[in-house]
Every structure is written in structure tokens, then in C-alpha cells.
Amino acid sequence: MLATLKAHLTDWLYQPRKPEAGTIVLSQRRVYILPTQHGLIFGVVLVMMLLGSINYGLSLGFVLTFLLVALALNGMLYTFRNLARLHVSALRVAPVFVGEPALFSLNLANPGDLTRHAIGISRERRPQGDENYCDVPSNAATHLSIAIPTQRRGRLRAGRLTLFTRFPLGLYHAWSYVHPDASCIVYPRPAPAGLPLPQADAAAGSGASYGAGQNDFAGLRTYHAGDPPRHIAWKAAARGQGLLTKQFSGEAASEVWLAWDQLPPRMDAEEKIARLTRWVLDAHAQRLAYGLRLPRLEIPMAGGEAQRERCLEALALCEISA
Amino acid sequence: MTKSATAVPAAAISLRNTVWITVTLALIAAPHAERLPLWLTGLAAAFCGWRLYIARMRLGLPSRWLMVGIVGAGALAILLQYRTLFGRDAGVALLVLMISLKLMETRTQRDGMVLAFIGYFLVITNFFYSQSIPTALYLLACVWLITATMMGLQYRRPPADTRSQLRTAAVMLVQCVPLMLAFFVLFPRVQGPLWGMPSDAFAGTTGMSDTMSPGTLNKLVYSEDVAFRATFTGGVPPQNRLYWRGPVLMDFDGRTWSTTPRAVRNQIEHDRRASPVRYTVTVEPHNRRWLFALDMPGLIPPRANLTIDQQLLSQTPITSRLRYDMESYLDYSVGAAGNPAPARMLALPRGFNPQTRELGLQLREQHGGDNEAIMSAALNLLREQKFVYTLEPPLLGAHAVDDFLFRTRAGFCEHFASAFVVLMRSAGVPSRVVTGYLGGEYNTLGEYLIVRQSDAHAWAEVWLPNRGWVRVDPTNSVSPARAEGGLAAALPEGAVLPRGLLPATPLFHQLQLTLDSLANAWNQTVLGYNFETQRALLTRAGLDDTSWRNLAIILIAATGVITLLIALITLRSRTGNRDYALEAYRQFCEKAARAGIARRETEGPLDFAKRLAAARPAQASAIDAITQRYVALRYKKYNKNKYLKQLRMHVRQLAL
């Protein structure tokens, strides 16, 4: 009951936002600030110093105490200023397999003339102590990443992240929430290696039809969407000839269909996905051409990096109605 | 763009921060070194060195039990040395010991923060001993260092240079000054301490004692410390009339004069024959109750009493610098009516100084009951017998006065005063010893009189039937120069002078006086700012209601206004949202648009430049220069300022 109330209050106070696309500016209204534990201890020290100064009539004790009171107030402004007005945008997140941490990176741009020091990122409002930090030099930008553990295949949203700082004095904790429109594709966990690919040997030897290999450079053709980026002829692109894809010929690759239906019906759906994932990885490793058949989706026969990504993403996002 | 996402391991304190915090704490504690026992200073220094060595060599910290053992032993040693663990001196010693221990236990950034806070606290302990301008400046530098140290603890990667760290700390502190001043002036001051102070809170201050035995005063003479300063509203009376009345001593045990102050009368009873001298005294704390005034005080300051013996006593020991207005009658008559001299003023211990008592009886026989004649005769005796005034009198035996009067015949003012009073009492003349100061140095720069401990003096007071208590300075009979020109003039040639009395070069002397007038101004305005001066200042500023509630309201308002102003300065956007390169490029595009070639929305700078150059081949090179610089500023890391300057220049000069 109390927890619910607290959650409501927190929501009302900090106004959770929907994911924001593009650049998020940490405007002054979005930055919150509270004293840290150290700040409270400092307050107690100040009170002790004030009482001592009064009792012993130490004029310079008053001077020092009041200087530190002013310093504490000024520190609040400095901590606030260290975080406010940063421009935050999310970067593309590389896909990961279940169990690997998803690394969300934010681009922090500092349009001002003051270097921002020790900006941290965390998923919790209160940092736990193992956060990443970065400095953002004046008129420059820096990447700051946070690793989020993955437990399920599918699309993992960044959720609400907290950017915080305690610089310069450590007496205050200033923070701001960002909810970037960023997500990470989490591939399914592959089944243990060992099971052979379906009908792989049946296709072997006969498959001269799909002659694209990866060993010897054979020529250039115009780029088609889905060609692996490392096959693009960047030098030619730099010369202004437009995008061309390098073609290779080599050992003829075999063809293999990886199909949902091939798997025994008594297998659990997630197990099937795990098995298909393993096959995609194996087929890719053996440089085969392969296609993927899922209950409502078919990915045509192809090979290379792009095909691997396409298939794994399909498996990650595959929805099975039970 | 830099790729910089580094995971920070447990926030262990870095070598850099360890050095900062250790050195800073050592600097703050340094002034205590002269007061702490040598073993403790050595221990603290060794701990500092040890901690730095551990940090440098990446060794582990010593075991906790070893530390507990050392601290236990240290606390025991402090207890034995000071006989207590409380109070000012023992407290500071204990604090230094504890900080040394904490330093050896400092592992993390958090520990470092706690040490920084203790550092601020350690600064304040220095003020127990000195609040002079040099001390204040030194500790201000220390505060700057701690602040920078605290900043250092917050960095997640070492800053590129230490200078920016120090500069930021300095800027932060400078911005604190207005608020600090507002608090200092407006924070309601209270009278007196909140709770009892340790008995030794103000120990170690030099000054007059309430006893006088041979050697008491000439120890003071070697001290250059200021006893008090006086500002006269009229002219300053001549040197030989500046008898600053202090403790009046009435009881003699054969060697030492002492006193317990007599009853409070609080009545100015002498008749005023002349207009009084008016002045203000600022007395340095001496931890005793007496106040100094010229013979005879004609005014009782607030929270002070006047005894029957015309001695001014504060109601509480003077533990902080005290300022009071005073007026004195240099020509006076006190105690003439009746016989206010009880047996106490004639008492002498039995069995001491038989020769002097014999001489006293002889004088009484010669002159009958005429006290004044006896007094003159005694003074003549001193004058004729070739007594010598010296800072290094020979040692005296059990019959100190006999030895002095009949054998050594060399002494300091206390010898003369003591012998004279013993002689007077032997002759049946009521008399007593008065101690205090004689003279003072006039500081023309600050227009005040400085009275130092080296001006300490002792004289006698004799009761004459029709005149009352009369001041007699026996030293004057021997060495008239003492009253006229001070101690240095009174001593025979070739005598070893105390350092403070050495003839200084005029330039050096002038410098000394300048520094003292600075110190005086500091004392009066900063250190002397208390309940009374606050009320006076605020009343003069037109504030009638100086109750703490009113002050609190004003203070809160002032804090708000000042913080707002500082916030405007610190939070103003620093070119933050202005993109100078884009502004210049927009001007360029506007020029082109006016010339009929507007940039299309989807057109990149390079394409636009190509199109524009084709239309205006004469300006092709200028267009190219502008575009190149804009692109460089936009997408590459170059010398921004130089490129920006060139970009603006080219845009300005471009004519399409």
C-alpha cells in the first residue's frame, strides 16, 4: 500500500516520459538535486563548527563557518550546472544473445564552454557504485554506455536511464531521467552445439547453382540492400562511383533449408527456436547458403553476414501463438 | 569524439588523491607542531610519510589491531602528558592523533571525503591559538587546498592539469565571499559562551600576574606582546603620567606580594580637580579579570566593578579581546577622608628583613608621626645610595629586602617598589604595591598608543593623612629616565637590552608600526566583532530592531538575493546554445540568396558550393574557402578559433 503510494508520488514528482526520439536536452527543469550522505555529514560538521565559534567567540571561526556555508550553497549550483544543458541522444545498439549484457550507448554532447566532469549513468535512481562515468569536454561529445543484462529474446527497450553527477564537491547528487527511444535485439540462446544440420549432405556437391563464395575476388556489381557491409567497395564509393558490392567466387556453397516443421512436434517452441538459432550459427560458420522457414515467415536462401543477422533477428522477434 | 566508457572499480582512493589529502592535512596541522609534544609531532609526520609510501609502493594498509594499539598508547601518553583528555591542548593533541590514525585507514574515496571534513575542523582549532592576519592568510590557503582536494576526490579520471582544479576551487571560494560577509555581519551574535569552556581554553597568554616576587616583571619585559591599545579622544598625556593601573598588591609574605581583591565599592569617590582624559582601551585577552586604566579611573565600564582599592575588575575573566571606553583623572585625591587603611596596609611577616624594619623604626623616630616626611626621607635614601637600575639583578637571599637595600643595591622596578613599601610599613606608614604598565608607544599611523608587556611596571602607593593615597614611584628616584623615555633609556649603557627594545632602524620601525596598525584595524573590525559592535553597527545603519528574529529574516532575504545573483553568474549559458559557425554560414547563405541563388533545403554545403561556384566563377575560391572551413568546423576537430575567425572574415568580405 505504502509502496504503491510511494511509486505514485515518485511518478508524479519525476514525470516519467514516454520514450523520446532524437536528441534529448537536459533542460534545467529536468535536473533534480538533493544532498548526498556526505552533504548531510558536512552539514553536521558546519553546525559543530558554528557552535564552537559561538562558544569560544572565535571571529575567524565564524568567518570559516560562513565561508563553508556559502561554499555548500555554491556547490549546489556547480553540481546542477555540471549536468544541466547536456544534449543526449541514443546510439545504435548492437544485438546480443540472451545472457550477454546489452550495451546501450548514449552520445552526450556538451554545447557549452565548461567541461563536464564525472557524469555517471545508471538504471536506478540511486547509483549502486559500479556505474560508468565519463567527462564531456567543452564543445565536444562523448559516448557513455550502460550494460543491461538480458534474460529473454526479443526487443529490449532501454527504459528509463538516470544520468547523474556529484561533481565538484560530492555534497550533492544531481540527476536527470532520460528515456531514449533505443532498443536492442536480443537473439535467442542457441541450443548446445553438436546436432548436425538438416539434409546438409544431401545438398552438398550438387549445389553449383549458388556459386557465390567468399574466397576470391571476382568483380563488382551494384549494391543491393542486404549485402554485407564489409563487401561494399568503400574505396570506389569514396571516388564517387556510388555503392558497389565486391563479388567473390570460390568453393561452391551448399544449400540448406532450416525449417520449423522439420523439428519434432513434441519439442517446446522455445527449444525449437534455440535449435534453429544453433543451425543458423552453424550454417553461417560453414559458409553455407541457407534459408529459414518459420510458422509465418520465410527468409529466402542466401549467405553471408546480412543473412545471419536477418535470420537471427527473425528468430529473436518470432512470436509463437501457443 | 572520444570513446570513453570506462568501468570504475570499487572507488579506491588514488595515489594522486592520497598525496593531496596527506599534504593538505599536514599543512593544516603544521602550526600546532610548536605546541604539541615532540613525540606526537614526530608520530603524525611518520604516519603521513608511511601512508604516502604505502600509496606509492601499492602496499596494503597496516592491520587495524596495530593501529588500535598505537592509538591506545598515544592516548595514554597524551593523558600522562596533559593529565586530561579534554580541554583545548589535550583535545587538539587527541584530534591530531586520531587524524593520523584515520589517514592510515583511508582506503576509499569516501574515507577521503571524511578526512577533508576533518581538515576543515582542524583549521578551526588553529584559531584557538592565533587569529592574526598571517594565520588567517595561511589557513585561507589551507581551506583552498582542502576544497581542491574534495574536488579531486570527485574526478573519475585525473584532470588534465592541477591548475584547473585549483582554479575552480579558487573561483568557487571567491564567489562565496559576498554571502560569507552577509552572514558575518548579520548572523545574530550572543553574549558569552553557550557552555563552559575547558579551563585551559585561553591558557598561555602572557600578562600581569596577581603576584609579584623578584623576577616576575622582568620576565614580562622580554615579551614584545601587546598588552592593550588605547585611542585617546583628546591629546595623549605626557609619557611620565601614563601610569596604567593594574593589580593592587597588599599582602607580603617576605618574598612575594599577592592579593585577593577587596570589596567592591563601585563608587567614584575622588574629587575631580581637572577635566578627565577620555580614551578607549582594547585589551588583549589575558585570562584574568583586571582591566587597565590610567591612574585614577573615573568611570566603571559595563560588566565591571571598582574595588575600594580603585582597581577595575571585569566580572568574568577576559578571554577575548575586549574594548571599553574609559575616562581618568590624572590629578586626583582618593581616600583622604577618614582612615581607610586597616591593619592590612601595615602588616609585615614576622622574622623577615630585620634590618629594613630597624631602618623603618629609625625613620619614624627621626620624623615623628609625619608620614610625608618619612616618605621623602626614604626616597632620598634611595637616591643617595647609588642604587642601580638593571634587568639582571643579583640573586637575593631569604631576607630579600634587606639584601637589596643593604647589599646588592641593584634591581628592577619590582625590587624598588617592594623594598619601598616594606620600608614604609616598617615606619608605620600605610602603603601598598601597584602593578601595571608605564608609558606606551604612540603609533602615528593609526593614532593610538600601543602598550606592550615590556612596559610592565610596579610602583608604590602611600597613604598620607590629608592627601589620601599618593602614588610614589621609587624607581623614578633612582632612574628618572624610566618614566620619561621608557625602559631602554633607563637602563645603564652597555646593558643587554631585550630584543623588543633594541634600537631599530627607522625603516624597520616604521614597518613595525604599520603592521601593528594593520593588526589593530583587524582586531577592531574583524576579531572584535561581537554582540555590542554588531548592535552598534546595525543601529548606525538604520536598523532599530536588532533582535535575533529580525536579523534572521534579513539574513534569509540577503542569502536569497546573493544566491540568486551567484546563480545568474554560474548558470548563465556560456556560448552554450550559440553556434557561431552556423551563424556565419547562414549569413553566407543569405548573401547568396540576395544574389539570387538560394540554398535548397535538402542541399548539402558541398553541393550548394558547387552550384554557387558555377554561377559565380569569379568568387569560386572564396566560396570554396568558406565551405571548407564550415565543413571542417562542423565535422572535424581543428583549431576551432582560428577556423571560425577565418570563416567570419571570408563571409564578411564575400561580394556576390
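Helix 2 of chain A, residues 37-56, has 20 residues and spans 29 Å from its first C-alpha to its last, close to the 28 Å expected at 1.5 Å a residue. The expected span is 1.5 Å times one less than the number of residues. Helices (H or I, at least four residues) and strands (E, at least two) are DSSP runs numbered from the N terminus.

This is a predicted model, in which local features need pLDDT of at least 70 and side-chain atom pairs count only at pLDDT 80 or more, while totals for chains, interfaces and linings use all residues. Residues are numbered from 1 along each chain as its sequence is written, and chains are lettered from A and ligands numbered from 1 in the order in which they are written.

Among the buried residues of helix 2 of chain A are A:Phe42, A:Leu46 and A:Met49. Buried means that 20 or more other C-beta atoms, placed from the backbone, lie within 10 Å of the residue's own. The cover over the buried residues of this helix includes strand 2, helix 3 and strand 11 of chain A, together with helix 5 of chain B. Just after the helix, A:Gly57 has a positive phi of about 55°.

The contact between the chains takes 50 residues from chain A and 58 residues from chain B. Two residues are in contact if their C-beta atoms, placed from the backbone, lie within 7 Å. On the chain B side, helix 7 gives the most, with nine residues. The residues of that side are grouped by class in the table; Ala, Val, Leu, Ile, Met, Phe, Trp, Tyr, Cys and Pro count as nonpolar, Asp, Glu, Lys and Arg as charged, and the others, Gly among them, as polar.

| Class, chain B side | Number |
|---|---|
| Nonpolar | 38 residues |
| Polar | 16 residues |

Strands pair if DSSP finds at least two bridges between them. Five bridges join strand 4 to strand 8 of chain B, and B:Phe232 has B:Tyr279 in strand 8 as its bridge partner.

Terms used
Buried ≥ 20, exposed ≤ 12 C-beta atoms within 10 Å, placed from the backbone.
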